[in-house]
Amino acid sequence: VGSPFDYQKAALVLLPTDVPEPDAPGYLDAMRRALVPLVEAMQGRTLALFTSHSAVDNAQRALREPLEALGVGVMAQGIDGTPRQLVEAFTRNPKAVLLGTSSFWEGVDLSGGLVKALVISRLPFNVPTDPVFAARSEQYEEPFGQYALPLAILRFRQGFGRLIRGKEDRGIVLVLDRRVQSRRYGAAFLKSLPQCSVRQAPIAELARVAKEWLAPGSDRGLRG
């Protein structure tokens, strides 16, 4: 079944060229340098997806002070409220960044153009040591390629789906995981998405590229 959305015009996937891998030293600082100007440029209206509650906590510690100094709120799952409370608060005042995990990757409907920027902090692989995941992995000859990777790609697509909720919606998807470019399997994540516009840019240029792409009359079909 075809999609009713023209993703080439509706969504821009931004890939930073100089962000470290998520477990590398300097990643949290790079995330802060990427998100503060981007969220400011979007006047909030940002949903950032994480893969653990500890990552949400680290992000809110890094972002709260600089963003609140700019008049942009920070709403963190498990810290500032439950998912339902945060969605209601964000709907009332979208001049904020909403930091979420677990349920925010799917089933959350922030429609009406509330979200202008969706941030995927890292590729959503399951924790290898999780007992249920480990037990199921044992049923495959190649657990990573046959089980872990398809599950992560499915969740990646679900996360992407939080951005474009209506025919008039347009926005940015910022993927802050370098592995989508540096690892062989990274291409499978990008190929799983609808046909979007794609741009690469250094961290210092992300906010400018996003703002220009969203500006009225911009070249929405640019791909590169």
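Strand β1 (residues 11–16) has six of its six residues buried, so the rest of the structure largely encloses it. Buried here means under 20% relative accessible area, exposed means over 50%, and partly exposed covers what lies in between, using a 1.4 Å probe and protein chains only. Strands (E, at least two residues) and helices (H or I, at least four) are DSSP runs, numbered from the N terminus. The model is a predicted one, so local features need pLDDT of at least 70 and side-chain atom pairs count only at pLDDT 80 or more, while totals for chains, interfaces and linings use all residues. Residues are numbered from 1 along each chain as its sequence is written, and side-chain values use heavy atoms, with hydrogens and water left out.

Back to β1: A11, V13 and L15 point one way, L12, L14 and P16 point the other way, and all are buried. Strands of a sheet pair through backbone hydrogen bonds, either parallel or antiparallel. Two strands are taken as paired if DSSP finds at least two bridges between them. β1 runs parallel to strand β6 (residues 171–175), with four bridges joining the two, and V13 has V173 as its bridge partner there. With strand β7 (residues 197–201), β1 also pairs in the parallel sense, this time over five bridges, and here V13 stands opposite V198.

Zooming out, these strands belong to an open sheet of seven, in the order β3-β4-β2-β5-β6-β1-β7, with parallel pairing. β3 (73–76) and β7 are the edge strands, each pairing on one side only. From one strand to the next, the twist averages 20°. Helix α9 packs on this sheet, touching β1, β6 and β7, and its direction makes about 165° with that of β1. For such angles, axes are lines fitted to C-alpha atoms (for helices, over the stretch in contact), and the angles run from 0 to 180 degrees between N-to-C directions.

What does α9 itself look like? In this helix (residues 206–214), L206, A207, V209, A210, W213 and L214 are buried. They cover an arc of only 165° around the axis, which puts them on the same side of α9. The arc is that of the directions from the helix axis to the C-beta atoms. The buried residues of α9 pack against α1 (7–10), β1, α2 (27–41), β6 and β7, with contact meaning heavy atoms within 4.5 Å.

Four bridges join β2 to β4 in a parallel arrangement, with L99 of β4 as the bridge partner of A48. β2 is likewise joined to strand β5 (residues 117–120) by four bridges, again running parallel, and I120 of β5 is the bridge partner of L49.

Helix α4 (residues 83–92) has L86, A89 and F90 as its buried residues. Seen down the axis of α4, these fall within an arc of 100°, so they line one face of the helix. R84 and R92, on the other side of α4, are exposed.

As for ring-to-ring packing, rings of Phe, Tyr and Trp (its six-membered ring) pair if their centres lie within 6.5 Å; planes under 30 degrees apart count as stacked, over 60 as edge-to-face, and the rest as tilted. By this rule there are nine aromatic pairs. F133 and Y147 make a stacked one, at 5.2 Å centre to centre with 20° between the planes. This pair links distant parts of the chain, with F133 in helix α5 (residues 131–137) and Y147 in helix α6 (residues 143–160), 14 residues apart. Both F133 and Y147 are buried. One aromatic cluster takes in F125, F144, F156, Y185 and F189.

Helix α6 also holds G145, which is partly exposed at a relative accessible area of 40%. The C-alpha atoms of G145 and A11 are separated by 28 Å, and the two residues are 134 apart along the chain.
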